[in-house]
Every structure is written in C-alpha cells, then in structure tokens.
Amino acid sequence: MQITPKIHAVKIPFEIPVSAETKLERFVYAYTISSDVLVLIDSGVAGAKKVIFRALEKQGRNPSEIDVLLLTHSHPDHIGGASGIKNISNCKIWSHPDARAWVENVDKQFSDRPVPGFHALVEGSVSIERELNDLEVVELGDTSLQVIYTPGHSRCSLSLFCEESGVLFTGDAIPQGNDLPIYDDVGLAVQSIKRLKGIVGVQHILSSWSDPSLDENPEEVMDGGLQYFQRIHTVVRQVMHAKQVVEPMDLCREVVGILGLPELAINPLVAKSLFSHKRFIEKEFIHS
C-alpha cells in the first residue's frame, strides 16, 4: 500500500502456535522508504522477506538495494525476518541500545521472555551496527527521520518521525482497542503517547498492529490508545479492589473476561501487562 510517493506499507500475516491444536492468526506491518537510499522499518517474522521482497519488486526496487533496516523494538514480529533480509541485502541494522542484547542473542530473549512459538517466528540473531538515541536525526539520503524514544510496550521501543511527509512510525507504542494488551510498563506507555501527541506536523500514524488509514485523525488515534489504557486500568482497579490480593494469572483471567477479550489472552504476557497497573492503582496515579 502506498502512503506517500516514498513510503509504502507491507502487511505480513503470520501465525502464533499457542498449542499443538491452536494457532493465533496475527499480522504485522513493515514499511519501506524508497528513495536514493532504500530503508526498511522492521522486518516482520521469519520468512517475511518473501512478502517484503515482492512488495519492493512491485515498486521497481531490487531487495538487494536495502541499505538500512531500522528496528522499532526487539520483539519477534519485528526482528524475526532480519537475518534472512540481512543475508540477501547485507543491510545495516539500527536500533535502540536496549534492543541489542535480545537482537544479537535471540536465545537470551526467549529465556527472558518465552513467547509461544518463538523459534518459529525468529530466524536468528543479527548484529546491530548503529544505536539510535532519543531526538537523534538520522539522514538517509534525501530523507530524514527523527528518533523518539517511546518505552512502555518494551524498554527499547522507538518511534520515528518523517517531518517532510508528516508520517509518524509508532511500532507498537499505541495500543489498538480490544487487541491483546501487551506492554512492560503502562505508566511509561501512557507517557510515551502523551509525548507523541506533542509532535507538531503529524499527518499520518503508521503503526505495526493496525491497517494504515490516511483518513484517520492522528490525534484521535493517540487519544484512542490512551482511552484503551484507561479502560483496562479501570477494570484492573475494579478486580483488585474486589479481590483484595490478586495473583497475576488470576487477575488476567478476571480482567480478560470483563474486557471481552478472547480466551487466548489469558497468558503470562498479558498477565504481566495487567499487573503493571498495580503500582499506579496503589498511588491512583494514572490519568487518561
């Protein structure tokens, strides 16, 4: 899908093998910036190079031209295809410094954060050639991207703002209503969205979890993410107050039921996300 003359969205479908009998159908977006320097934002899952390369060929570009792969963060659906893409293009890989440990050693990532089907989603480890820091501006031929550190979903999450086109790439920083709540720290996640709201000139938000819509109001998209966090927070508070002391998986089961999320959402990753609300409930700190 063409977003601007230079920027295209590439939708990558995949499955997460939750159990021997059950697979969760998901998708993730990667983005290409096609000018005198060919840039890829995120690599999708293992095998995604086929989809990405086919999209590039339709744009009249050779996949071997990919010069830089920018990673918004280190989770499997964003780094899984990096190894295969690197092998074909010999591209440079850039990320936030905190992504390095998990990108360069995917076995460590699986040990630290055992996602179902991890090794089916990730082709292998890759080296980070450049670390990207907050407010740094990277020059990529005739395109510039400003790096914005947006932790919360993960500690290494980055967003990227292309001022010339008004496009803000947000990775997984902004949650989609009624999707699985996956984040490390809800407080940081809320702060990150509020920070993104302060960027002047945003015309389009390109996230990893939702289909791009050029008609969406960026302010409404960000407000929608904050409202979803507030909705979750309200339910978590309700359950914790009613149950007094709640274990993470018990909390998860109750909250998922009230939110009307699928039963597959009752898992340790979602439980960790919901339990991150605990300290804010204790302080009544979070605001929409």
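**Pockets, cores and rings in a predicted model**

About 590 Å³ of space lies in the largest pocket. The structure is a predicted model, in which local features need a pLDDT of at least 70 and side-chain atom pairs count only at pLDDT 80 or more, while totals for chains, interfaces and linings use all residues. Residues are numbered from 1 along each chain as its sequence is written, and side-chain values use heavy atoms, with hydrogens and water left out.

A pocket here is an open set of points on a 1 Å grid over the protein atoms alone, with protein on both sides within 12 Å along at least five of seven lines; a cavity is a set of points where a 1.4 Å probe fits but cannot get out, and lining residues have an atom within 4 Å of a point. Grid points are joined across faces, edges and corners, and a volume is the space filled by probe spheres set on the points. The lining of the largest pocket is made of 29 residues, and I16, R113, V115, I182 and L269 lie nearest its centre. Two or more lining residues come from each of β1 (7-17), β2 (23-34), α2 and α10 (268-275); the largest share, four residues, belongs to α10. Such helices (H or I, at least four residues) and strands (E, at least two) are DSSP runs, numbered from the N terminus.

The largest cavity has a volume of about 50 Å³, and its lining includes H153, D172, W209 and F229.

The next topic is the packed interior. A nonpolar core is a set of buried Ala, Val, Leu, Ile, Met, Phe, Trp, Tyr and Cys residues joined through side-chain atoms within 4.5 Å. Buried means under 20% relative accessible area, exposed over 50%, and partly exposed in between, with a 1.4 Å probe and protein chains only. The largest nonpolar core has 72 residues, and I52 and L274 have the most contacts inside it. Helix α8 (residues 218-243) gives the most to this core, namely 10 residues. A second, separate core of 23 residues includes Y29, Y31, V138 and L158. Contact means heavy atoms within 4.5 Å. By that rule, and leaving aside neighbours within four places in sequence, L274 is in contact with P181, Y183, I232, V236, L251, C252 and V255.

Not counting residues up to four places away in sequence, L145 touches, among others, I33, L70, V138, F161 and F169. V37, in the loop between β2 and β3, also counts as buried, with a relative accessibility of 17%. Apart from neighbours within four places in sequence, V37 is in contact with D67, L140 and G141.

Aromatic rings come next. A pair of aromatic rings is described by the distance of the centres and the angle of the planes. Rings of Phe, Tyr and Trp (its six-membered ring) pair if their centres lie within 6.5 Å; planes under 30 degrees apart count as stacked, over 60 as edge-to-face and the rest as tilted. Five aromatic pairs are present in the structure. The rings of Y29 and Y31 have centres 6.0 Å apart and planes at 20 degrees, so this pair is stacked. Both residues are buried: Y29 has 7% relative accessibility, and Y31 has 2%. Together with F27 and F169, Y29 and Y31 form one aromatic cluster.

Charges also meet rings in this model. A charge sits over a ring if NZ of Lys or CZ of Arg is within 6 Å of the ring centre and within 35 degrees of the ring normal. K11 lies over the face of F27, at 4.3 Å from the ring centre, and the charged end of R130 sits over the ring of W94, 4.6 Å from its centre.

Finally, the backbone deserves a look. Most residues other than glycine have a negative phi, and most peptide bonds are trans. N90, although not a glycine, has a positive phi of about 55 degrees. This residue is found in the loop between α3 and β5 and counts as exposed, at 60% relative accessibility. Phi of N178 is likewise positive, near 70 degrees, and N178 is found in the loop between β10 (167-171) and α7 (186-197).
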